[in-house]
Amino acid sequence: MSAFARAVDSLFGKLGVAAIFQPRIGANVAVTIIPKRPDEIIGLAQNDIATEVTLFDVRVAEIAEPKADDVIFFQGTEYRIIGEPRRDIHRLIWTMEAVKA
């Protein structure tokens with residue numbers, strides 16, 4: 001195991017929370033996620049609109065290939081993944097953008 005993989009495992013051990021990942025096809029999987037909810041400001045003409053974006057980080061070791069329309073159940077809420085998930089530079093973490101279903 002590389003130093004980066006150990007660091008990622010430590011990070012998820014300290015900051016991660018339990019969730020359920022439900023792929024479109026296949027069985028549900030218990031995963032550890034790091035949720036992020038940064039505010040995104042979208043400029044539209046002369047108005048700025050603030051939208052709440054929900055991002056979830058999950059280890060590649062827990063989910064091999066997440067896809068758009070897969071679902072994450074977190075704190076009693078269902079979130080649908082939109083767009084294609086992206087891996088970090090070390091290919092250890094998926095980042096998924098999601099909306100409440």
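Helix α1 (residues 3-15) lies across β1, β2, β5 and β8 (93-100) and runs at about 85° to β2. Helices (H or I, at least four residues) and strands (E, at least two) are DSSP runs, numbered from the N terminus. The angle is taken between N-to-C directions, from 0 to 180 degrees, with axes as lines fitted to C-alpha atoms, for helices over the stretch in contact; contact means heavy atoms within 4.5 Å. The model is predicted: local features need pLDDT of at least 70 and side-chain atom pairs count only at pLDDT 80 or more, whereas totals for chains, interfaces and linings use all residues. Residues are numbered from 1 along each chain as its sequence is written, and side-chain values use heavy atoms, with hydrogens and water left out.

The strands form a closed barrel of six, in the order β1-β2-β5-β8-β7-β6, with antiparallel pairing. Neighbouring strands of this sheet are turned against each other by 45° on average, direction ignored. Two strands count as paired if DSSP finds at least two bridges between them. Strands of a sheet pair through backbone hydrogen bonds, either parallel or antiparallel.

Individual pairings can be followed around β1 and β2. These two strands are antiparallel and share five bridges, with valine 17 standing opposite isoleucine 33 in β2. They form a hairpin with six residues between them, and glycine 26 in the turn has a positive phi of about 120°. On another pairing of β1, three bridges join this strand to β6 in the antiparallel sense; there, phenylalanine 21 has isoleucine 72 as its bridge partner. Strand β2 is also joined to β5, by four bridges and again antiparallel, and lysine 36 is partnered by leucine 55 in β5.

Strand β5 (residues 54-59) also contains aspartate 57. This residue is buried, with a relative accessible area of 11% (buried means under 20%, exposed over 50% and partly exposed in between, with a 1.4 Å probe and protein chains only). Not counting residues up to four places away in sequence, aspartate 57 touches Phe12, Thr32, Ile33, Ile34, Lys36, Ile93, Trp94 and Thr95. Its side chain makes a polar contact of 2.8 Å with that of threonine 95; such a contact is a pair of N or O atoms within 3.5 Å, where, within protein, one must be able to donate a hydrogen and the other to accept it, and residues adjacent in sequence count only if both atoms are side-chain atoms.

Aspartate 57 also forms a salt bridge with lysine 36, the closest N and O atoms being 3.0 Å apart. The pair links distant parts of the chain, since aspartate 57 is in strand β5 and lysine 36 in strand β2, 21 residues apart. Lysine 36 is partly exposed, at 32% relative accessible area. A salt bridge is a side-chain nitrogen of Lys or Arg within 4 Å of a carboxyl oxygen of Asp or Glu, and the whole structure has six of them.

Another salt bridge joins the side chains of aspartate 70 and arginine 24 (3.8 Å, N to O). Aspartate 70 is in the loop between β5 and β6 (71-74), arginine 24 in the loop between β1 (17-22) and β2 (29-36), and the two are 46 residues apart. Aspartate 70 is buried, at 3%, whereas arginine 24 is exposed, at 53%.

Glutamate 62 and arginine 59 likewise meet in a salt bridge (3.2 Å, N to O). Glutamate 62 is partly exposed at 24% relative accessibility, and arginine 59 is buried at 16%. Both belong to a network of salt bridges that links Asp9, Arg59 and Glu62.
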